[in-house]
Amino acid sequence: MAALEITRLQKKFGGVVALNGVDLSVDPTRITGIIGPNGSGKTTLFNVIVGAHKPSAGRVSWLGTDITGKSPALIARHGLVRTFQQAMSFSTLSVRENVTIACEHGRPRDNGGLRWSSPEEILDFVGLSGLGDQTAGSMPFGNLRRLGIAIALGTNPLLLLLDEPAAGLNQTEVAQLMELILQLPKVGIGVCLIDHDMFLMSGLCERLTVLNFGTKIAEGPPAAVLNDPKVKEVYLGNEL
Ligand SMILES: Nc1ncnc2c1ncn2[C@@H]1O[C@H](COP(=O)(O)OP(=O)(O)OP(=O)(O)O)[C@@H](O)[C@H]1O
Ligand SMILES: [Mg+2]
């Protein structure tokens with residue numbers, strides 16, 4: 001079942017049409033990937049889904065409820081949460097405090113599916129065991145990315161939207177990140193993933209959707225999508 005249904009979604013910034021009538025279904029039991037060149041509208045799509053931007057037209061439906069244009073706080077209470085392209089945290093607070101604050105927001109815990117009983121367990125899950133007392137801002141970049149995921153998990157999500165989680169990571173860190181992302185559907189958290197790393201995307205995603213200038217130009221299993229002449233043309237052979 002597609003729990004997230006996006007219909008003819010449009011977002012204009014002044015004269016820029018960032019999303020131009022995008023249809024997308026996301027099955028939260030799978031890992032779904034969104035790819036496309038810089039500026040093709042991927043982050044804007046996430047921003048509209050989680051309520052950070054109001055769409056110019058179109059509809060976002062989640063578990064049968066129309067959430068179009070609702071606030072990020074309300075949408076997070078329904079279990080839809082994204083991470084940021086830039087690693088985001090309260091840099092002067094400890095790692096544990098960052099996750100604790102997240103645990104006070106998002107989807108109510110009495111709504112079932114409580115997977116972790118404490119921030120510490122979330123830190124263990126993302127591979128930050130024993131680092132709870134560290135100041136977030138003092139951590140190396142790879143750990144900050146894990147913290148970003150831990151913060152998102154603190155909100156008790158049903159579907160996590162990850163915006164370029166591998167950006168700036170080295171090969172070892174990317175491999176560890178892939179392991180972590182693969183665990184999410186196993187604990188009942190759907191994943192929708194944006195990244196430019198095609199190794200990561202084809203390794204993780206059961207389906208890929210390709211955006212170009214705000215328009216969906218292809219979707220389907222990764223092998224077929226990455227072989228699509230329209231997709232190859234967009235990437236000019238650079239990244240595939
Ligand atoms: N807040 C904004 N105000 C004005 N224009 C914006 C805003 N956010 C995005 N845009 C424009 O919308 C288009 C899509 O941008 P978006 O950030 O969604 O692309 P992207 O696919 O995520 O790119 P990247 O791969 O570089 O992250 C771009 O032309 C961008 O300049
Ligand atoms: Mg982006």
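**Exercise 1. In this predicted model, work out how strands S9 and S10 are joined and which way they run.**

Step 1. Locate the strands: S9 covers residues 207–212, and S10 covers residues 215–220.

Step 2. Take their direction and pairing. The two strands run antiparallel, with five bridges between them.

Step 3. Find the partner of Asn 212. Its bridge partner in S10 is Thr 215.

Step 4. Inspect the turn. The hairpin of S9 and S10 has two residues between the strands, and Phe 213 takes a positive phi near 50° there.

**Exercise 2. Describe the shell of residues around ligand 1 by position, source and class.**

Step 1. Pick out the nearest residues. The shell holds 12 residues, of which Phe 13, Ala 18, Asn 38, Thr 43 and Thr 44 come nearest to ligand 1.

Step 2. Assign the shell to elements. Strand S2 (16–26) and helix H1 (42–49) each supply at least two residues. The largest share, three residues, comes from H1.

Step 3. Sort by class. Eight residues of the shell are polar, three are nonpolar and one is charged.

**Exercise 3. Identify the residues that touch the most other members of the largest nonpolar core, then list the contacts of Leu 160.**

Step 1. Start with the core, which has 59 residues. Ile 49, Leu 80, Ala 150, Leu 160, Leu 161, Val 191 and Leu 193 touch the most other members.

Step 2. Find the main contributor. Helix H5 (residues 141–154) gives the most to this core, namely six residues.

Step 3. Turn to Leu 160 and set aside its neighbours within four places in sequence. Leu 160 is then in contact with Val 81, Ala 152, Leu 184, Ile 189, Gly 190 and Val 191.

Definitions and conventions:
Residues numbered from 1 in each chain as written. Chains lettered and ligands numbered in written order. Predicted model: local features only at pLDDT ≥ 70, side-chain atom pairs only at ≥ 80, totals over all residues. Pairing = 2+ DSSP bridges. Helix = DSSP H or I, 4+ residues; strand = E, 2+ residues; numbered from the N terminus. Near = placed C-beta within 6 Å. Nonpolar A, V, L, I, M, F, W, Y, C, P; charged D, E, K, R; others polar. Core = buried A, V, L, I, M, F, W, Y, C linked by C-beta atoms within 7 Å. Buried ≥ 20, exposed ≤ 12 C-beta atoms within 10 Å, placed from the backbone. Contact = placed C-beta atoms within 7 Å.
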